[in-house]
Amino acid sequence: HDTANPIATESLDDQIKKEKKVSFLTLGDGDFTYSLDLARYLASTKTDMKYVLTASGVDTRDELMAKYKDTPFVLKQLASAASASSFDDSGSEKDSKLAVYIRHGINAIVMPKILVEEEHGDV
């Protein structure tokens with residue numbers, strides 16, 4: 001076992017149990033209703049786990065508003081699925097069961113190229 005690398009000595013299940021925190025990423029959630037259902041489910045679980053949900057869609061916020069009439073309602077519900085106490089006034093995450101981040105204009109197909117360019121310069 002490589003003791004310098006905690007990943008090598010500890011299974012993912014063991015890490016999750018120890019940290020009691022799981023992150024979810026939804027990609028390309030057109031009208032964000034899937035992310036909303038997932039957020040509601042996570043918020044209702046009866047465990048001591050903490051969850052972080054990053055919901056993303058390819059459309060910009062303006063494009064989303066033009067495409068789907070229920071967008072304002074869905075986004076408001078998604079943001080409020082994480083209790084108002086999830087973040088303090090400075091934007092820091094507090095001790096809450098669920099934190100939700102909403103990202104617009106994310107194209108998952110070109111994302112790896114963007115990440116490589118950000119880390120290693122123009123490729």
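Because the model is predicted, local features need pLDDT of at least 70 and side-chain atom pairs count only at pLDDT 80 or more, whereas totals for chains, interfaces and linings use all residues. Residues are numbered from 1 along each chain as its sequence is written, and side-chain values use heavy atoms, with hydrogens and water left out.

Trainee: Which pattern does the chain follow along the sequence?
Mentor: The chain holds 6 helices and 3 strands, taken as DSSP runs (helices H or I, at least four residues; strands E, at least two) numbered from the N terminus. Read along the sequence, the pattern is α-α-β-α-β-α-α-β-α.

Trainee: In which sense do β1 and β2 pair, and what is the hand of the crossover between them?
Mentor: Strand β1 (residues 21–26) pairs with β2 in the parallel sense over 6 bridges, where pairing requires that DSSP finds at least two bridges between the strands. The chain passes from β1 through α3 to β2, and a crossover is called right-handed if, with the strands pointing away from the viewer, the path from the first strand over the helix to the second runs clockwise. By that convention, this β-α-β crossover is right-handed.

Trainee: Which residues of α5 are buried, and on how wide an arc do they lie?
Mentor: Buried means under 20% relative accessible area with a 1.4 Å probe, counting protein chains only, and in helix α5 (residues 71–81) this applies to Thr71, Val74, Leu75, Leu78 and Ala81. They sit on the same side of α5 because their arc, taken from the directions from the helix axis to the C-beta atoms, is only 120°.

Methods: Buried means under 20% relative accessible area, exposed over 50%, partly exposed in between (1.4 Å probe, protein chains only).
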